[in-house]
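Trainee: Hi, I'm new to this one. Could you walk me through it while I look?

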Amino acid sequence: MGVFSRISDIINSNINAILDRAQDPEKIIRMIIQEMEDTLVEVRSSAVKTIAEMKELDRKISTVHKDIAEWQGKAEFALTKGREDLAKSALQVKARLQNELVVLEHRHGEIDAGLAKQSEDVAALQQKLADAKSREATMVARTKTAANRLKLRGAMYDERVTDAFSRFEQVERSLDELEGKVEVYDWVKPKGVAEELADLEADHQVESELAALKAKLSGNGETR
């Protein structure tokens with residue numbers, strides 16, 4: 001692939017679409033950046049050669065212009081001396097030079113247009129490169145974050161972690177059973193003297209109220 005076709009492909013490429021299809025975006029964007037940097041080096045090297053060719057062409061065009069003027073002067077001089085044959089030959093040389101000048105100027109126009117287009121392409125490629133480098137920093141950060149999250153998720157579902165949680169739950173169940181035993185012991189423990197006296201007083205109070213209620217009901221029955 002030539003340097004100009006490659007730079008056109010890069011400029012017209014959609015980096016987002018490439019990254020969407022990539023399994024390793026960080027690696028792919030690094031490759032894209034490397035390709036852009038290599039292409040820029042080649043384009044600049046090619047531009048140096050093209051500019052050198054343009055300068056050489058400028059010198060040739062300038063020389064041909066001088067030669068045309070010189071042969072025009074020779075033709076005029078020959079006529080002043082009555083040498084029409086020499087004047088005609090001089091004009092023939094001048095005509096060939098004029099044809100050569102047309103070719104050189106046409107080539108000059110092509111090179112000039114090519115350099116202008118190349119300059120535009122380089123500017124566009126540099127913009128793409130800056131964008132890619134900016135995305136590279138973001139891509140590296142996102143990749144590291146995703147890798148860390150994946151590692152954490154993997155650890156959460158690791159069998160060792162699952163076993164640890166299972167053992168933790170077993171310990172909790174054992175503690176629940178131990179606390180239950182304490183509560184049951186509190187239910188069946190012997191009553192103290194104070195507790196028995198309190199129960200006796202409560203029973204006496206209930207018996208007294210019951211006797212009073214019976215007497216009241218008995219009195220009401222007699223009055224009827």
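Trainee: How many salt bridges does the count come to?
Mentor: The count comes to 6 salt bridges, where a salt bridge is a side-chain nitrogen of Lys or Arg within 4 Å of a carboxyl oxygen of Asp or Glu. Keep in mind that this is a predicted model, in which local features need pLDDT of at least 70 and side-chain atom pairs count only at pLDDT 80 or more, while totals for chains, interfaces and linings use all residues. Residues are numbered from 1 along each chain as its sequence is written, and side-chain values use heavy atoms, with hydrogens and water left out.

Trainee: Which residues are linked in a network of salt bridges?
Mentor: Glu 53, Arg 107 and Glu 110 form that network. Arg 107 meets Glu 53 at 2.8 Å, N to O. This pair links distant parts of the chain, with Arg 107 in helix α4 and Glu 53 in helix α3, 54 residues apart. Helices here are DSSP runs of H or I with at least four residues, and strands are runs of E with at least two, numbered from the N terminus.

Trainee: And what separates Glu 110 and Arg 107 in helix α4?
Mentor: About one helical turn, because they are 3 residues apart in that helix. The closest N and O atoms of their salt bridge are 3.7 Å apart.

Trainee: Which residue forms a salt bridge with Lys 117?
Mentor: Asp 121 does, with the closest N and O atoms 2.7 Å apart. They sit 4 residues apart in helix α4, so about one helical turn separates them. Asp 121 is buried, with a relative accessible area of 13%, whereas Lys 117 is partly exposed at 44%.

Trainee: Switching topic: how many helices and strands does the chain have?
Mentor: It has 6 helices and 0 strands. Buried residues make up 19% of the 224 residues in the chain.

Trainee: What makes up the largest nonpolar core?
Mentor: It has 11 residues in all, including Met 54, Leu 57, Val 64, Leu 97 and Leu 115. A nonpolar core is a set of buried Ala, Val, Leu, Ile, Met, Phe, Trp, Tyr and Cys residues joined through side-chain atoms within 4.5 Å. Helices α3 (25–80) and α4 (84–156) each supply at least two residues of this core, and the largest share, 6 residues, comes from α4. There is also a second, separate core of 10 residues, with Ile 33, Met 36, Val 43 and Leu 125 among them.

Trainee: What is Val 64 in contact with, leaving aside its neighbours within four places in sequence?
Mentor: Its contacts are Leu 97, Glu 100, Leu 101 and Leu 104, contact meaning heavy atoms within 4.5 Å.

Trainee: Last one: what lies over the face of Trp 71?
Mentor: Lys 74 does, at 4.1 Å from the ring centre. A charge sits over a ring if NZ of Lys or CZ of Arg is within 6 Å of the ring centre and within 35 degrees of the ring normal.

Note on methods
Buried < 20%, exposed > 50% of the residue type's maximum accessible area, 1.4 Å probe, protein only.
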